[in-house]
Amino acid sequence: MRTITVKGVGRASAKPDLVVLSMDMETVAKEYDKAMEYAVARIELLSSTLCEIGFAKDALKTTDFDVDAKHESVKDKDGNYKSVFIGYACRHRLKLEFDMDSERLGEVLNTISESLADPSLSVEFTVKNPSAVSAELLRSATQNAREKAEILCSAAGVKLGALVAIDYNWTDINFRSETAYNCMPRLMKCSTRMDITPDDIDVSDNATFVWEIE
C-alpha cells in the first residue's frame, strides 16, 4: 500500500478572559509554632479583606506551602563566615482567579495594597476554557494536514485515499498572554487608573496524518 505522511500544524488565538493573581507570603519566627500562627493570621487577614469586596471565603486557594529552618551567613570578628539560625520560615503561595476586568483588577490590587497581609504579587491573563481552544487547535491541524496532502497528491498526479493513521503527542500548552503586569506593592493604587487590555493568546499544536494513495 502506498501512503503519504503529512504533519498538520494548527494555530489558534484567544482573548484572555480570566485574571490569575498569584501571591507569595513568607513569615519568619524563632519558634515553629509562632511562625505557623503568624502565617495563618496573615492569610485570614488577606481572605477577610477580599471578602469585603465581594469574593467568597474560599476564593483564595493555596497552591504551595512549605516550612523550613532559615539561616544566614554572618561574618564573625575574625572575618570568617558562619551559618546563623534566623528562625522558621513559613511560605505560602496563594492564587485568586476572577473574570477579566481591568477595573476589578485595579480594585483588587488596591485592596491588597492596603492590607497588612503584605504579600508579593504577580498577575497573569489566561482563558477560562482552555479545552475549547485545544479543540480548535486540533481541528485546525487536521484541516492544515488535509490541505497539504491534497496539494501534494494533485501535484504528483495521484489521488488521496482513506486516512490510515493519526499520530498525536499530548503536550501541555501554555494558555497565558505574553502581557507582563508588574507593579510594586506600594504603587498598586496606580492600577485603579490603568485600563489594561492584555495581548491575545496565540498558541499552536501539531499532529501527523497518514493517508493511503489510491
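This is a predicted model: local features need pLDDT of at least 70, side-chain atom pairs count only at pLDDT 80 or more; totals for chains, interfaces and linings use all residues.
## Tyrosines, ring pairs and a helix

Now for the rings themselves. A pair of aromatic rings is described by how far apart the centres are and by the angle of the planes. With centres within 6.5 Å as the cut-off, the count comes to five aromatic pairs. One of them is Tyr32 with Tyr88: the planes sit at 85° and the centres are 5.8 Å apart, so the pair is edge-to-face. This pair ties together distant parts of the chain, with Tyr32 in helix H1 (residues 32-51) and Tyr88 in strand S4 (residues 81-99), 56 residues apart. Another pair, Phe209 with Trp211, is stacked, with 5.7 Å from centre to centre and 20° between the planes. Phe209 and Trp211 are both buried.

Here are the two pairs side by side.

| Pair | Centre to centre | Angle of planes | Kind |
|---|---|---|---|
| Tyr32 and Tyr88 | 5.8 Å | 85° | edge-to-face |
| Phe209 and Trp211 | 5.7 Å | 20° | stacked |

What else does Tyr88 meet? Leaving aside residues up to four places away in sequence, Tyr88 touches Thr27, Val28, Ala29, Lys30, Glu31, Tyr32, Ala35, Asp68 and Ala69. Ring pairs also join Tyr88 with Tyr32 and Phe85 in a cluster. As for Lys34, its C-alpha lies 8.8 Å from that of Tyr88, although 54 residues separate the two in sequence.

Let's move on to helix H3. Helix H3 covers residues 130-156, which is 27 residues, and spans 39 Å from its first C-alpha to its last, close to the 39 Å expected at 1.5 Å a residue.

Methods
Residues are numbered from 1 along each chain as its sequence is written. Side-chain values use heavy atoms; hydrogens and water are left out. Helices (H or I, at least four residues) and strands (E, at least two) are DSSP runs, numbered from the N terminus. The expected span of a helix is 1.5 Å times one less than its number of residues. Rings of Phe, Tyr and Trp (its six-membered ring) pair if their centres lie within 6.5 Å; planes under 30 degrees apart count as stacked, over 60 as edge-to-face and the rest as tilted. Buried means under 20% relative accessible area, exposed over 50%, partly exposed in between (1.4 Å probe, protein chains only). Contact means heavy atoms within 4.5 Å.
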